[in-house]
Amino acid sequence: MQPLHPKLQALLPVADAIHATVGVYSEVVIHDVTRPEQSVVYIVGNVTNRQVGAPLTDLVLENLRKYGDDCKDILNYGTTTRDGKTLRSSTTFVRDDDGHIIGCLCINVDLTPMLSWKYFLEKSLAVETGAVKETFSNDVSEALNSIIKSILENYHIPVANLPREEKLNIIKQLDEKGVFLVKGAVDQVAATLGVSRYSIYNYLEEVRSQRSRQL
């Protein structure tokens, strides 16, 4: 076998460094394009199941035929192996001192494991509906306070100064959220609104009567 061009020889430790940095799912290949039938002169990592002595890829051959020494580097492209692996690849052409292409350095990263993890995460994180607010509390008083607060934060004046119609609307919203199914809720809402518990019962009767008439 003919001796390796010094510029290709100098890339051997570069290939090792790239593979060590990118990791186990990477492969770095150095080609000598002057012998296309056995162009692979160095390979570190195993993604495409090739060995030293393997030929140039069809992509590199096509670019060399079309553009000759004017070939542009082909960076960050996607491709698929015969055994179904999904790769992200880059090919950089190497030139001698006269500007003639003598080889190329190719990096292949197997994305298949990452895509499997991505699929798993997407399925694991998927929800059937959009974002829904749900409060997880340690006791019922905390839960009621959270619901009441979520409604009152829409009002920008003290609760005591709200007109009766607004208080009725608050009671309506609390009732729709099921607050009054909870024992002690009437007293807690009455204290928050600054009214008597009997006023809360009257408000409840009125909003429920209005709802019944609308049905």
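**Close-up views of a predicted model**

**View A. Helix 7 and helix 8.** The axes of helix 7 (residues 185–193) and helix 8 come within 8 Å and cross at roughly 105°. This is a predicted model. Because angles from 65 to 115 degrees count as roughly perpendicular, helix 7 and helix 8 are described as roughly perpendicular to each other. On the helix 7 side, the contact involves Val186, Asp187, Val189, Ala190 and Leu193. These meet Arg197, Ile200 and Tyr201 of helix 8. By residue class, the contact of helix 7 with helix 8 has six nonpolar residues, no polar ones and two charged ones.

**View B. Helix 6 and helix 8.** Helix 6 (residues 164–176) packs with helix 8 (residues 197–214) at an angle of about 75°, and the axes are 9 Å apart. Helix 6 is thus roughly perpendicular to helix 8. Helix 6 contributes Arg164, Lys167, Leu168, Ile171, Lys172, Asp175 and Glu176 to the contact. Helix 8 contributes Ile200, Tyr203, Leu204, Glu206, Val207, Arg208 and Arg211. The contact of helix 6 with helix 8 comprises six nonpolar residues, no polar ones and eight charged ones.

View C. Threonine 91 is part of strand 4 (residues 86–95). Its relative accessibility is 1%, and because buried means under 20%, threonine 91 counts as buried. A polar contact of 2.9 Å links the side chain of threonine 91 with the side chain of tyrosine 77. Leaving aside residues up to four places away in sequence, threonine 91 touches Val60, Asp73, Ile74, Leu75, Tyr77, Cys104, Leu105 and Cys106.

**View D. Isoleucine 74 in strand 3.** Isoleucine 74 belongs to strand 3 and, at 16% relative accessibility, counts as buried. Apart from residues up to four places away in sequence, isoleucine 74 touches Leu59, Asn63, Ser89, Ser90, Thr91 and Phe93. Valine 60 lies 14 residues from isoleucine 74 along the chain, and the C-alpha atoms of the two are separated by 9.2 Å.

**View E. Asparagine residues with positive phi.** Asparagine 76 is found in strand 3 (residues 74–80). Although it is not a glycine, asparagine 76 has a positive phi of about 55°. Asparagine 76 has a relative accessible area of 55% and is exposed. Asparagine 49 is placed in the loop between strand 2 (40–44) and helix 3 (58–67). Asparagine 49 is not a glycine either, and its phi is positive at about 60°.

View F. The domain assignment of the chain gives domain 1 (6–122) and domain 2 (140–213). Between the C-alpha centres of domain 1 and domain 2 the separation is 69 Å. Tyrosine 119 lies in helix 4 (residues 112–125) and, at 52% relative accessibility, counts as exposed. From tyrosine 119 to alanine 143 the sequence separation is 24 residues, and the C-alpha to C-alpha distance is 36 Å.

How values were computed. Residues are numbered from 1 along each chain as its sequence is written. This is a predicted model: local features need pLDDT of at least 70, side-chain atom pairs count only at pLDDT 80 or more; totals for chains, interfaces and linings use all residues. Side-chain values use heavy atoms; hydrogens and water are left out. Helices (H or I, at least four residues) and strands (E, at least two) are DSSP runs, numbered from the N terminus. Buried means under 20% relative accessible area, exposed over 50%, partly exposed in between (1.4 Å probe, protein chains only). A polar contact is a pair of N or O atoms within 3.5 Å; within protein, one must be able to donate a hydrogen and the other to accept it, and residues adjacent in sequence count only if both atoms are side-chain atoms. Contact means heavy atoms within 4.5 Å. Domain bounds come from an automatic or database domain assignment. Axes are lines fitted to C-alpha atoms, for helices over the stretch in contact, and angles run from 0 to 180 degrees between N-to-C directions. Angles under 35 degrees count as roughly parallel, over 145 as roughly antiparallel, 65 to 115 as roughly perpendicular and the rest as oblique. Ala, Val, Leu, Ile, Met, Phe, Trp, Tyr, Cys and Pro count as nonpolar, Asp, Glu, Lys and Arg as charged, and the others, Gly among them, as polar.
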